[in-house]
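Let's take a walk through a protein structure together, step by step.

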Amino acid sequence: MSNAQIEIQLIACIVAIACAIPGTFLVLRKMAMISDAISHSILPGIVIGFFITQDLNSPLLILLAAVTGVITVVLVEYIQKTGLVKEDTAIGLVFPALFSIGVILIAKNANDVHLDVDAVLVGELAFAPFDRLLISGTDVGPKSLWIIGSILVLTTSLLFAFFKELKVSTFDAGLAASLGFSPAIIHYGLMTVSSITTVGAFDAVGAILVVALMIAPAASAYLLTNELKRMLIYAIGFGVCSAISGYWVAHVLDASIAGSITTMLGLLFLIVYLIAPNKGVIAVLYRERQQRIEVSLLTFLLHLKNHTEESERHVNHLSEHINWQKVRATSVLELALKNNMIQLDRNIVSLTDKGHEFTTQAIDYIITNQDSKIEHMKDDFFLFRG
Amino acid sequence: MKPQETHNLCGFTTATNIKNCKHLKPKTIDITEYITLVFTDYTLRTITLGTAILGAVTGMLGSFAVLRKQSLLGDAISHAALPGIAIAFMLTDTKDSNVLLLGALISGLLGTFWIRGIIKKTHLKSDTALGLILSLFFGFGMLLLTFIQKQPNANQAGLDKYLFGQAATLLEADVWLMASVTGICLLVLIVFWKEFKILLFDADYTKTLGFNTKFIDILITSFIVLAIVLGLQTVGVVLMSAMLLAPAAAARQWTNSLATMVGLSAVFGASSGVVGTAVSASQNNLSTGPVIVLVASVFVLVSFVFSPSRGLLFKQIRFIKNRRDLQLHKTLAFMYNIAETHHNIAHPHTIKILNNFQGFTKRTLQELVKKNYVKLEGSMWSLTEEGFKTASNLYNQQPENNE
C-alpha cells in the first residue's frame with residue numbers, strides 16, 4: 001500500500017465515523033430525510049462561500065454551508081408550522097429550490113469558477129491526498145484529513161458531553177423538556193453538527209455518500225440492537241468496514257470510491273435486513289408463519305372442545321369445515337399431535353387431558369382477556385418448544 | 001495509485017447554448033421575439049412542448065403522491081432509477097432513451113417495493129427507508145457510471161445527462177413518448193378515478209367494499225414511478241422530486257376537491273415548464289431544469305401567501321378581523337353592563353367612561369353605530385334596543401352575523 005492509499009482509507013474511515021454519530025440520532029429521531037435535504041441545500045452556501053474565498057477548504061465556506069443547512073431546517077419547520085402542507089412535502093419543497101439556486105449560481109459564473117456540481121454531489125476521494133496542508137512549509141498531511149478530523153473531534157466531544165441530554169431528548173422529548181433540557185437547543189445543535197459534518201465530508205465523498213454514510217450504518221445497527229450505545233458502536237463499525245472494503249472494490253473496478261463505498265453499505269444493509277435476528281425479514285416472516293399456525297391450532301382445538309359428536313371430529317370433515325388447505329390442515333394436526341394436545345383414533349380426533357386443560361385456559365383467557373393469563377399459558381404450553 | 005481523471009461531466013446545457021451554436025448569440029430576447037422563436041425554432045419548440053407535457057403529467061400524478069403523504073417517494077425513486085439506466089446501457093450498449101428509461105423504470109419500481117418492504121417488515125420508519133434506498137441506489141448507480149466511463153467505449157459519453165437532465169437533448173420522439181404516456185395516464189385516471197379517490201381518503205373503507213386495494217395501490221405507485229422516470233432526461237435525478245411535489249402543493253392551497261386539484265396541478269406544472277424554458281432560453285448560462293424548479297417554487301410561494309381560503313395573507317387578515325370583532329363584542333358587553341344598571345337602557349352615558357376599557361377604540365364605536373347597536377349624540381352614547389338584545393345574547397348563542 002502506498003502512502004496515498006493509506007491516507008485515502010484513513011479519510012474514508014474518519015468520514016464514516018463522523019457521519020455515523022449524528023446519523024444514529026437522525027435515524028432514531030425519524031429525521032433521516034432531513035440529512036438528505038441538508039446535503040443538497042448546502043450547495044448555495046458552498047457556492048457563495050467559494051465566491052468569497054476562492055478556496056474549497058476554507059473555514060468560512062464550511063461555516064456558510066452549515067448556516068445554509070440550519071436555514072433549511074428552519075424553513076422546513078416554518079412551512080410545516082403553517083399547516084399548509086405535511087412535513088415531508090415541506091422538505092421536498094425546500095431543498096430542490098435551494099439546490100436550484102446553487103446550480104444556477106454556479107452556471108451563471110461557470111467561466112471563472114473552478115467548481116463543478118458533480119464534484120459536489122459525488123465527490124472524489126482519490127484526489128484528497130494531493131491537496132496537502134502546509135504549516136510553515138512542512139507537509140502535515142492532506143487538508144481534508146485535517147478538516148474532517150477536527151469535525152470528528154468536535155462531534156465526539158459533543159457526544160460525550162451531551163450524551164445524556166441527547167438520549168433523553170431523543171426518546172422522550174417531553175421528559176427532556178420537563179427536566180430542563182431545551183429540546184430546541186438540542187435539536188438545532190444536532191442539526192448544526194449534521195450540517196457541519198455534511199459540509200466537511202462533501203468535498204471528500206460527495207453529498208449523496210454523506211447521506212448514505214449517515215443513514216445506512218445507523219439503520220443496519222438499529223436492526224441489530226435496541227440499545228443506544230451499542231447502536232452507535234455498531235454503526236461506527238459498519239461505516240468503517242464499508243469504507244475500507246469499498247475502497248478496495250473501487251481499486252479493483254477502477255470506479256468511483258464514493259460509489260463503491262455506498263454499494264458496500266447497501267450490500268451490508270441488505271444482508272442485515274435479511275438475516276438480522278428477531279428484526280430481519282426472514283425472522284419476521286418465520287415468526288408470522290408460526291403465529292399463523294399457532295392461531296390455527298388454537299381455533300382447531302377450540303373447535304374440538306365444542307363438538308362432542310364424532311361426525312364433527314373426523315379428520316376429513318375438519319379440513320372441510322374450518323376451510324383449510326390440505327397442507328395447512330396437516331401441519332396443524334401434526335403440531336397438535338407433537339404437543340400431545342390431541343389423539344387420533346381411526347381418523348377421529350379427540351382432545352387429550354392436556355388439550356382439555358389448555359382449551360379451558362384459552363377460553364378463560366378469551367372471556368376475561370387478562371394479559372397475565374396468556375403469559376402463564378405461553379410458558380406452560382409453548383407450542384413450538386418440543 | 002494513479003489519480004483518477006476528473007470526469008468532465010459538464011451537466012448543464014441550456015436552450016440558449018444550442019442557439020449559440022447556431023451563431024445567433026442572443027444575450028436576451030424580448031417576449032415577442034421569443035414567441036415567434038417558439039413556433040419557428042425546432043429545438044425550442046420541442047423543449048417547450050416537452051417540459052409542458054412533463055409538467056402536466058407530473059403535476060397530475062404528484063397530487064396523489066402529496067395526498068398519500070408520499071411526497072419524498074419521488075425523491076427516492078428518481079435517485080433509485082440511476083443504476084437502472086447504467087445497467088440498461090451495459091446490457092444493450094445503446095443510448096436509446098426508451099431502453100434506458102425502461103431500465104430506470106424497473107430499478108425505480110424495485111426501489112419503491114424495497115422501501116415498502118422495509119417499512120412493512122421492519123421497525124425502521126419511512127424516512128429512514130427512503131433515505132436508505134435513495135442514497136444506496138444512487139451510490140451504486142454512480143459506481144456503475146464511473147465504471148462505464150472507464151470502459152473503452154466511445155458510446156458512453158452523455159449518460160451522465162440523466163444526473164441533472166438536459167432539456168436541450170429532448171427530441172421530437174421523446175416528446176411523443178411523453179405525450180403518449182400522459183395520454184395513458186389520463187385514461188387510467190379516468191377509468192380508475194373512483195377507486196383512486198376512495199383509496200386516497202379511506203383505505204379501510206375501500207377494502208371493506210371489496211376493492212382490490214393492493215392492485216389500485218400498485219397501479220397508482222407504478223404511474224408515479226413512470227412519471228418520475230420520464231422526467232429524468234429533462235430535469236434530472238436530483239430535481240425531479242420538486243417537479244412532482246411543487247405543482248401539487250401549490251394546487252392543494254386553492255381547492256378542497258380532488259378533481260380540481262389534479263387539474264390545477266397539471267396546469268401549474270405545465271406553466272412552470274413553459275415559463276421555466278422561456279426564462280432559461282432568454283438568458284445565457286441558465287440551466288433549464290433548475291429554472292423550472294424555481295418557477296414551480298414561485299408558484300408554491302404565491303399559493304402559500306395568496307390562496308383565499310388557506311393562504312397566509314388571508315389567514316392573517318381573518319385573524320385581524322376576528323380580533324376586531326372580539327374587541328367590538330367586548331365593548332358591547334361593557335356597555336351592556338353599564339346600561340343594565342339603569343331602568344332605561346337608552347339612558348345616555350359619556351364616552352369617557354369607556355376609555356379605561358381596553359376593547360374600546362374609536363373605530364369599534366363607529367362600527368357599533370353602523371350596526372345600529374349604539375346611538376351617538378355628541379360625547380354621549382346610548383344603547384339601542386337592538387344593541388341591548390344582541391349584547392344580552394352575546395355569550396348565549398352564536399351571533400348570526402359572525403363570520
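Two residues are said to be in contact, or to touch, if their C-beta atoms, placed from the backbone, lie within 7 Å. Keep that idea in mind, and remember too that what you see is a predicted model.

Setting aside residues up to four places away in sequence, A:I148 touches A:I11, A:I14, A:V15, A:A18, A:G200, A:A201 and A:A204. A:I148 belongs to the largest nonpolar core, a group of 204 residues. Within that core, A:V15 and A:I148 have the most contacts. Another core lies apart from this one; it has 11 residues, including B:L332, B:A339, B:V374 and B:W381.

Now step back to look at each chain as a whole. Chain A has 17 helices and 4 strands, while chain B has 17 helices and 3 strands. In chain A, 44% of the 386 residues are buried; in chain B, 47% of the 403 residues are. How do the contacts run along the sequence? Taking contacts in chain A between residues at least 6 apart in sequence, 66% join residues at least 24 apart. For chain B, residues 24 or more positions apart account for 73% of the contacts with a separation of 6 or more.

B:L102 gives you a pair to find by eye. This residue lies in helix 5 of chain B. Count 124 residues along the sequence from B:L102 and you reach B:L226, yet in space the two are 9.3 Å apart, C-alpha to C-alpha. Is B:L102 buried, exposed or partly exposed? B:L102 is partly exposed, because 16 other C-beta atoms lie within 10 Å, and a buried residue would need 20 or more.

Helix 2 of chain A, residues 32–41, is mostly covered, with 10 of its 10 residues buried. Among them are A:M33, A:D36, A:I38 and A:H40. The loop between helix 1 and helix 2 of chain A holds A:K30. A:K30 has 14 C-beta neighbours inside 10 Å and so counts as partly exposed.

A:K30 has something else to show you. Most residues other than glycine have a negative phi. A:K30 is not a glycine, but its phi is positive, at about 60 degrees. Further along, A:N278 also has a positive phi, near 75 degrees. You can find A:N278 in the loop between helix 12 and helix 13 of chain A. This residue is exposed, because it has 11 other C-beta atoms within 10 Å.

Time to see where the two chains meet. Here 57 residues of chain B are in contact with 61 residues of chain A. On the chain B side, helices 5, 6, 7, 12 and 14 each supply at least two residues. Which helix of chain B gives the most to this side? Helix 6 does, with 16 residues. Sorted by class, the side of chain B that touches chain A has 33 nonpolar, 16 polar and 8 charged residues.

Look closely at helix 6 of chain B and its partner, helix 12 of chain A. Their axes come within 7 Å and cross at roughly 135 degrees, so the two helices are oblique to each other. The crossing is left-handed. From helix 12 of chain A, the residues that take part include A:G259, A:T263, A:G266 and A:F269, and those from helix 6 of chain B include B:L132, B:G139, B:F140 and B:L143. The residues of this contact divide into 8 nonpolar, 8 polar and no charged.

Finally, compare a packing inside chain B. Helix 15, residues 312–340, and helix 17, residues 385–392, of chain B pack at an angle of about 105 degrees with their axes 9 Å apart. These two helices are therefore roughly perpendicular to each other. Helix 15 of chain B contributes B:L332, B:A333, B:M335, B:Y336 and B:A339, and helix 17 of chain B contributes B:G387, B:F388, B:T390, B:A391 and B:S392. By class, the residues of this contact are 7 nonpolar, 3 polar and no charged.

Terms used: Residues are numbered from 1 along each chain as its sequence is written. Chains are lettered from A and ligands numbered from 1 in the order in which they are written. This is a predicted model: local features need pLDDT of at least 70, side-chain atom pairs count only at pLDDT 80 or more; totals for chains, interfaces and linings use all residues. Ala, Val, Leu, Ile, Met, Phe, Trp, Tyr, Cys and Pro count as nonpolar, Asp, Glu, Lys and Arg as charged, and the others, Gly among them, as polar. A nonpolar core is a set of buried Ala, Val, Leu, Ile, Met, Phe, Trp, Tyr and Cys residues joined through C-beta atoms within 7 Å. A residue is buried if 20 or more other C-beta atoms lie within 10 Å of its own, exposed if 12 or fewer, and partly exposed in between; C-beta atoms are placed from the backbone. Axes are lines fitted to C-alpha atoms, for helices over the stretch in contact, and angles run from 0 to 180 degrees between N-to-C directions. Angles under 35 degrees count as roughly parallel, over 145 as roughly antiparallel, 65 to 115 as roughly perpendicular and the rest as oblique. A crossing is left-handed if the near helix is turned anticlockwise from the far one by less than a right angle, and right-handed if clockwise.
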